[in-house]
Amino acid sequence: MIFYLFSMNPSNLLSVQDLSIGFRTGEGFVKATENISFSLYSGETLGIVGESGSGKSVSALAILQLLPQRLVEINSGRIFFRDESKDPVDLLKKSDDQMQRIRGNRIGMIFQEPMTSLNPVKRSGDQVMEGLLWHKRISVEKARKKVLGLFEEVQLSDPEQIFRKYPHQLSGGQRQRVMIAMALSCNPALLIADEPTTALDVTVQKSILLLIRELQARHEMSVLFISHDLGVIQQVASKVVVMRNGRIVESGLTKDVLNNLKHAYAKRLVASRPRL
C-alpha cells in the first residue's frame with residue numbers, strides 16, 4: 001500500500017502525484033504512465049512533450065476523467081486541483097456528476113482535431129453557447145453576445161457569419177479558434193491544450209500559438225500544453241516535462257532543459273526537428 005504525504009504549494013493550481021495508468025487489452029495489461037509527478041502554478045504554462053505513445057495525452061485526459069473506464073486502470077496516484085482559493089480536491093475521487101461541473105467550466109480543453117470534437121450537425125455558435133447555458137445559467141441572448149465577443153477575441157473575422165456556419169464550412173484554423181473560444185467560454189482556471197496545432201499548416205500553427213500565449217496572459221490562466229515538438233513547447237511554455245514510455249525523463253525550466261539536455265531521448269527530439 002502506498003501512503004501519500006500531501007503538501008501543496010499555495011500557488012499550485014494542479015499537482016499530479018505518482019500517477020500510474022494502464023489499459024486492459026486483449027493481449028494483457030499495458031502500462032501507459034508510471035509514477036509520474038508534476039505541478040502547475042497559477043498563471044503558468046507547463047509543456048509536456050514526447051513521441052506518440054509516451055503517455056502525455058493519457059496524463060492530460062486522466063485529469064478530466066476522460067479515459068474509457070472499462071479499459072483503464074489507475075494503479076496509483078492523485079491529481080489535486082485547487083480552484084478559487086478553495087482547498088485542493090482529488091479529481092480522481094470525483095463522481096461523474098461532479099466532474100461535469102468542472103469540465104468546460106473550471107478546466108477547459110482544446111483537442112488536436114476540432115473536426116472530430118465539434119458536432120457536425122450543429123452551428124458553431126450554438127455549440128459554444130451550450131457550455132455557457134449549462135454552467136452559467138444565463139439567458140440565450142446573453143450567451144449569444146458572449147460567444148460573439150469570444151469569436152472576436154480569438155480573432156475570427158465576421159463573428160456573426162462564423163456563428164451561423166457549420167464546422168465543415170470552416171477552415172482548419174477557424175475550427176481550432178472556435179474550439180479555443182469554447183474552451184475559454186466559462187473563464188477556466190486551467191486550459192489543457194492537447195496538440196492543438198498538429199493538424200495545421202506552419203503559418204496557421206504560428207498564429208494559433210501566438211493566440212494561446214496572448215489569451216493565457218490576458219486571462220491570467222494556467223495552461224497545460226501537450227506536444228510532440230520541443231520547438232513548439234519552447235515558444236509557449238516556461239516549464240517542460242519530457243516523457244518517454246510512460247515515464248518522465250527530464251523536467252525543469254524550458255530554457256534550462258533545452259540548453260542542457262541530459263537524456264539521449266530528449267536530444268533525439270531536438271535533432272529530429274527540421275532546420276529552417
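Predicted model: local features only at pLDDT ≥ 70, side-chain atom pairs only at ≥ 80, totals over all residues.
## The chain as a whole

The chain has 276 residues, and 48% of them are buried. Its secondary structure comes to eleven helices and ten strands.

Take the contacts between residues at least 6 apart in sequence: 69% of them join residues at least 24 apart.

Look at β1, which covers residues 12-25. Ten bridges join β1 to β2, and the two run antiparallel. Within this pair, Leu-19 stands opposite Ile-36 of β2.

## Helix α1

The cut-off for buried is under 20% relative accessible area. The buried residues are Lys-56, Val-58, Ser-59, Ala-60, Ala-62 and Ile-63.

Just after α1 comes Gln-65, with a positive phi of about 55 degrees.

## The six-stranded sheet

A second open sheet has six strands. The order is β6-β7-β8-β3-β9-β10, with mixed pairing. Its edge strands are β6 and β10, and each pairs on one side only. Neighbouring strands here are turned by 15 degrees against each other on average, direction ignored.

Start at the β6 end. Four bridges join β6 to β7, and these two run parallel. Gly-108 has Leu-191 in β7 as its bridge partner. Helix α7 packs on the sheet and touches β6 and β7. The direction of α7 makes about 170 degrees with that of β6.

Now go to the β10 end. β9 and β10 pair over six bridges, in the antiparallel sense. Here Arg-244 stands opposite Arg-247 of β10.

## Two residues with positive phi

The hairpin of β9 and β10 has two residues between the strands. Asn-245 sits in this loop, between β9 (239-244) and β10 (247-253). Its phi is near 50 degrees, a positive value in a residue other than glycine. Is Asn-245 buried or exposed? Asn-245 is exposed, with a relative accessible area of 59%.

Glu-195 also has a positive phi, about 45 degrees, although it is not a glycine. This residue lies in the loop between β7 (190-194) and α8 (202-219). Glu-195 is buried, with a relative accessible area of 8%.

## The largest pocket

The largest pocket holds about 500 Å³ of space. It is lined by 20 residues. Which residues lie nearest its centre? They are Gly-104, Met-109, Phe-111, Gln-127 and Met-182.

Three elements each supply at least two lining residues: β6 (107-110), α4 (124-135) and α7 (172-184). The largest share comes from α4, with five residues. By class, the lining of this pocket divides into ten nonpolar, eight polar and two charged residues.

## The cavity

How many cavities of 30 Å³ or more does the structure hold? It holds one. The volume of the largest cavity is about 30 Å³.

Its lining consists of Thr-45, Ile-212, Arg-213, Gln-216, Val-223 and Val-236. Helix α8 gives the most to this lining, with three residues. Three of the cavity's lining residues are nonpolar, two are polar and one is charged.

How values were computed
Residues numbered from 1 in each chain as written. Heavy atoms only, no water. Pairing = 2+ DSSP bridges. 1 Å grid on protein atoms, 1.4 Å probe; cavity = no way out; pocket = protein on both sides within 12 Å on 5 of 7 lines; lining within 4 Å. Points joined across faces, edges and corners; volume = space filled by probe spheres on them. Nonpolar A, V, L, I, M, F, W, Y, C, P; charged D, E, K, R; others polar. Buried < 20%, exposed > 50% of the residue type's maximum accessible area, 1.4 Å probe, protein only. Axes fitted to C-alpha atoms, helices over the stretch in contact; angles between N-to-C directions. Contact = heavy atoms within 4.5 Å.
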